[in-house]
Number of protein chains: 2
Amino acid sequence: MKLSTKSRYGVRAMFDMAYHAGNLPAQIKDISRRQNISPRYLEQIFQDLKKAGLLKSRRGPQGGYSLARSADKITVKEIVLAAEGELLLVNCIKGLRKDGESPPVCEFDNQCLTQHIWSEGSRILGDYFESITLKDLCDKGQEMGLEKELDHRFMYFI
Amino acid sequence: MKLSTKSRYGVRAMFDMAYHAGNLPAQIKDISRRQNISPRYLEQIFQDLKKAGLLKSRRGPQGGYSLARSADKITVKEIVLAAEGELLLVNCIKGLRKDGESPPVCEFDNQCLTQHIWSEGSRILGDYFESITLKDLCDKGQEMGLEKELDHRFMYFI
DNA sequence: TTATTCTTGACAGTAAAAGTAGAGATTCAT
DNA sequence: ATGAATCTCTACTTTTACTGTCAAGAATAA
């Protein structure tokens with residue numbers, strides 16, 4: 001019942017981007033260094049987040065990633081969903097999937113009492129994650145006095 | 001972020017016991033047959049549940065397991081907790097563990113913004129699971145018209 | 001045109017989950 | 001007492017998913 005590191009790293013990385021956002025796209029190497037995440041692994045995670053429409057990217061020098069929307073329009077739920085693939089406590093929940101995917105995994109079909117518990121639990125958890133935006137996290141970072149790192153690419157102009 | 005089968009099987013098995021409860025203890029072979037769970041695996045799960053104080057057991061002929069408390073005093077949370085070991089969405093949550101266990105897994109210590117999200121999510125989920133008792137499940141089973149199997153050990157006397 | 005950066009897909013090591021197995025202990029019925 | 005039924009304990013195996021690493025390619029800015 002643990003979240004994967006993809007989810008946790010994903011949220012941390014997205015927060016990092018929002019918190020340190022500047023004019024230029026953020027680069028993997030900077031985010032991974034600040035958040036102490038393996039850069040190669042973070043690349044993968046960002047691909048997932050990009051596919052989910054949460055990130056934009058730009059290649060080449062001075063390229064990098066930027067948030068596809070403003071920080072107050074991106075919720076933790078979206079990030080977890082993108083990284084985790086789905087937000088379900090069990091695989092045997094039928095009828096909740098949009099994709100008409102595969103035969104149901106549950107042999108009890110409509111007779112399963114516990115199914116409802118797991119799907120309701122998933123929903124409750126999802127609602128909580130949906131209530132938190134990246135902006136909320138940034139505000140909290142400010143409160144906590146979390147340091148903002150200057151963008152080294154601007155150093156020359158100071 | 002999936003619950004283990006131990007949790008799911010555990011809840012199903014405990015429900016089954018509550019639903020079919022008679023004068024005699026329930027036996028692994030009957031429960032596993034009705035719930036379609038490998039009997040050897042269920043044995044293991046029942047050991048966990050017993051250690052957690054949710055089950056009593058009796059060996060020998062006519063032996064088996066019975067609920068340690070009445071069905072309205074056993075919550076889904078307790079079962080999941082016993083089967084899962086803990087109810088935490090991440091391992092990096094410090095200060096929530098009662099056992100002074102091991103060094104903290106999180107390198108960000110008190111500076112971690114996301115920690116709060118995960119521990120709060122864990123709490124919310126736990127609260128939901130705590131609100132459901134085995135009796136609630138039995139009532140729902142009745143509503144759904146779920147069949148109760150007669151205890152074969154009584155057949156002879158009818 | 002070259003260095004930088006993202007893109008894509010494949011690969012591997014590790015750990016945890018899921019299930020199997022066997023020998024032992026307790027209890028009941030005879 | 002004896003033997004069958006049932007739980008108990010520990011160890012083992014198989015499978016799966018997580019957590020990364022790697023290499024070659026494509027786009028972009030200077």
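1. Surface near DNA strand C. In this predicted model, helix 3 of chain A supplies the largest share of the surface near DNA strand C, namely four residues. Around DNA strand C there are 25 residues, and those that come nearest are Ser57(A), Gly64(A), Ser4(B), Ser38(B) and Gly60(B). Two or more residues each come from helix 3 (39-51) and strand 2 (64-67) of chain A, and from helix 1 and helix 3 of chain B. Sorted by class, the surface near DNA strand C holds 12 polar, seven charged and six nonpolar residues.

2. Surface near DNA strand D. DNA strand D is surrounded by 25 residues, of which Ser4(A), Ser38(A), Gly60(A), Ser57(B) and Gly64(B) are the closest. At least two residues each are supplied by helix 1 (5-19) and helix 3 of chain A, and by helix 3 and strand 2 (64-67) of chain B. Helix 3 of chain B gives the most to this surface, with four residues. The classes near DNA strand D are six nonpolar, 12 polar and seven charged residues.

3. How the two chains are related. In general, a rotation about an axis and a shift along it relate two copies of a chain.

4. Where the chains touch. The contact between the chains involves 30 residues of chain B and 29 residues of chain A. On the side of chain B that touches chain A, at least two residues each come from helix 1 (5-19), helix 4 (76-84), helix 5 (113-130) and helix 6 (134-143) of chain B. Helix 5 of chain B gives the most, with nine residues. By class, that side of chain B has 18 nonpolar residues, along with six polar and six charged ones. Of the interface residues of chain B, 97% are also interface residues in chain A, so the copies meet through the same surface.

5. Helix 2 against helix 3 in chain B. Two packed helices are described by the angle between their axes and the distance between the axes. For helix 2 (residues 28-35) and helix 3 (residues 39-51) of chain B, the angle is about 115° and the axes are 9 Å apart. Helix 2 and helix 3 of chain B are therefore roughly perpendicular to each other. Their crossing is right-handed. Helix 2 of chain B makes the contact with Ile28(B), Lys29(B), Ile31(B) and Ser32(B), while helix 3 of chain B uses Pro39(B), Leu42(B), Glu43(B) and Phe46(B). Five of the residues in this contact are nonpolar, one is polar and two are charged.

6. Helix 1 against helix 3 in chain B. Helix 1 and helix 3 of chain B pack with their axes 10 Å apart, at an angle of about 80°. That makes helix 1 of chain B roughly perpendicular to helix 3 of chain B. On the helix 1 side, Lys6(B), Tyr9(B), Gly10(B) and Ala13(B) meet Leu42(B), Ile45(B) and Leu49(B) of helix 3. This contact divides into five nonpolar residues, one polar and one charged. Leu42(B) also takes part in the contact of helix 3 with helix 2 of chain B.

Technical notes
Residues numbered from 1 in each chain as written. Chains lettered and ligands numbered in written order. Predicted model: local features only at pLDDT ≥ 70, side-chain atom pairs only at ≥ 80, totals over all residues. Contact = placed C-beta atoms within 7 Å. Nonpolar A, V, L, I, M, F, W, Y, C, P; charged D, E, K, R; others polar. Axes fitted to C-alpha atoms, helices over the stretch in contact; angles between N-to-C directions. Parallel < 35°, antiparallel > 145°, perpendicular 65-115°, else oblique. Left-handed = near helix turned anticlockwise from the far one by under 90°. Near = placed C-beta within 6 Å.
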